[in-house]
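Subject: A structure for you to look at

Hi there,

Here is the structure I promised to pass on to you. Please open it next to this email, and then read on for what turned up.

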Amino acid sequence: MNHKEAMSVQFLEDAERYLNGAMTLPEKTAYDEKLNTDPAFRSQFEKTKALILGIESAVLKEQLDAFHNTMESETPVRALRQTNKSTYIWLGIAASIIAVLGIFLFFNKSTSTDQLFAAHFVPDPGLPTTMSTSGNYTFYDGMVNYKREEYTVAITKWKSLYTKKSDNDTLNYFLGMAQLANNNPEEAIVYLQEVLPQKESMFYNDVHYYLGLAYLKAGAVEKAKRAFQESKKAESNKILTELN
Amino acid sequence: MERQNNIVEQSKLVVAIKANNSKVLQQLYQENYKKVEIHIVNNSGSIPQAQDTYQEAFLACYQNIKADKFEPNSETALQGYLFTIAKNKWTDYLRSSQFKKVQGMSEGISATMKDEDTIPVENNLAQLQMNATIDAFSRLGNECKELLKLFYYEKKSMKEISAEKNLTSASARNKKYRCIQKLKTLVAHPK
């Protein structure tokens, strides 16, 4: 290491000690003095400071995807859905639909099952998407389409997983949901029914309700009523009242 | 009193962030993402765009804290600050020619978006230099990356690092200096 390099090393290490608060008070006072009186020194110091912040930012940046992905796999998705604001947005949408329906009913007492379906059906908002876990990539890729309301694309992607995971409750639930949103209630019923035996599934509560809606859309009123009776959602009671 | 405590909490948060406390940074990231995602998705964005914009905002927020450009003055100041940066970045994107090209019809959207609390999105020379450094770092060899990470990000002493890497203290010091020089060269020669 030549003299110039040695000076440069010394400058770097002094700057680091200054930034880390590792200098003694007399050292710091002298350093501050030099920063305030020597513009060339100050400029070199600022460059070094920016370079160090750049290194720290680069390291942090490399960690952000990991922050993102652990957020989604560690947080129970259902809990997240219940607390996040999108639920309120969906509730808001549902509420306005109900309000519109109310006005409609006021003027037109006769409601067909199709109208009831249209008034109540709001697709499940879907799961947070993570792209990291390679095993689930296709599923979450489909979920991105589902959330964009590209149901046919989502169905195609999810069907490719179906041969291997035909008993998976999440897959069945969302395939059913996408089919229902795509106006294929008969197909939807097949998938949604697959979730019924899985009482511990986090979709269990919702599946009766959506199954009810699927039957309603398919015109099977009695089956719809039975499904709504099984469901614990408040919405189901409202529809039952309207059906009766 | 409670407000005072919360401001103390915020100051602690700032100190922890300045020290690159990974746990605190992770928590800050995870607790504030959803709100940004909802905002962006409700304003013509996709989920991947929400993630990108949020990460950019998170880094900008981190850099501003490090540079003492942020002082907590209310109990949720930092969280609000982060959200505002993300929101402004998204507004800038919606107004950009890139977005208009994709959309071809974004008049209504950009006209209705307004800055509530304006925190300027820095796009000056310093920011360009910062981006160049981040990019250069990613092009460094693994050995240099690791050494610089241990020293500058994890704040380990040269003594700890030389023990960990089986190097003499002089050789670790020398290596660190070479890596910094290499980084400077890469910054000066962008890809």
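How many salt bridges does a search of the whole structure find over all chains? The search finds 23 of them, where a salt bridge is a side-chain nitrogen of Lys or Arg within 4 Å of a carboxyl oxygen of Asp or Glu.

Before the details, some ground rules. This is a predicted model, in which local features need pLDDT of at least 70 and side-chain atom pairs count only at pLDDT 80 or more, while totals for chains, interfaces and linings use all residues. Residues are numbered from 1 along each chain as its sequence is written, chains are lettered from A and ligands numbered from 1 in the order in which they are written, and side-chain values use heavy atoms, with hydrogens and water left out.

Chain B on its own

Of its 191 residues, 45% count as buried. Buried means under 20% relative accessible area, exposed means over 50%, and partly exposed lies in between (1.4 Å probe, protein chains only).

There is one disulfide over all chains, a disulfide being a pair of cysteine sulfur atoms within 2.5 Å. Cys144(B) and Cys179(B) form this link, with 2.2 Å from S to S. The pair links distant parts of the chain, since Cys144(B) sits in helix α8 of chain B and Cys179(B) in helix α10 of chain B, 35 residues apart. With -80° about the S-S bond, the link of Cys144(B) and Cys179(B) is left-handed. Cys144(B) counts as buried because its relative accessibility is 17%, and Cys179(B) does so at 5%.

Within helix α2 of chain B, Glu37(B) and Lys34(B) are three residues apart, about one turn of the helix. An α-helix has 3.6 residues a turn, so residues three or four places apart point the same way. Glu37(B) and Lys34(B) form a salt bridge, with their closest N and O atoms 3.0 Å apart, and both are buried.

Where the chains meet

The contact (heavy atoms within 4.5 Å) takes 41 residues from chain B and 37 residues from chain A. Buried area is the accessible area (1.4 Å probe) that two parts lose on being put together, summed over both. Between chain B and chain A this area is about 3,700 Å², and carbon and sulfur atoms give 68% of it. Tyr152(B), Tyr153(B) and Tyr177(B) supply 16% of the area that chain B buries against chain A, more than any other three residues.

The interface of chain B and chain A has six salt bridges. One of the salt bridges pairs Arg173(B) with Glu13(A), with the closest N and O atoms 2.7 Å apart.

Lys66(B) lies in helix α3 of chain B and Glu56(A) in helix α3 (residues 39-74) of chain A, so the pair joins two chains. Lys155(B) also meets Glu56(A) in a salt bridge, at 3.1 Å from N to O. Here the pair crosses from the loop between α8 and α9 (158-164) of chain B to helix α3 of chain A. Lys155(B) is partly exposed, with a relative accessible area of 36%, whereas Glu56(A) is buried, at 5%.

Happy exploring!

Methods
Helices (H or I, at least four residues) and strands (E, at least two) are DSSP runs, numbered from the N terminus.
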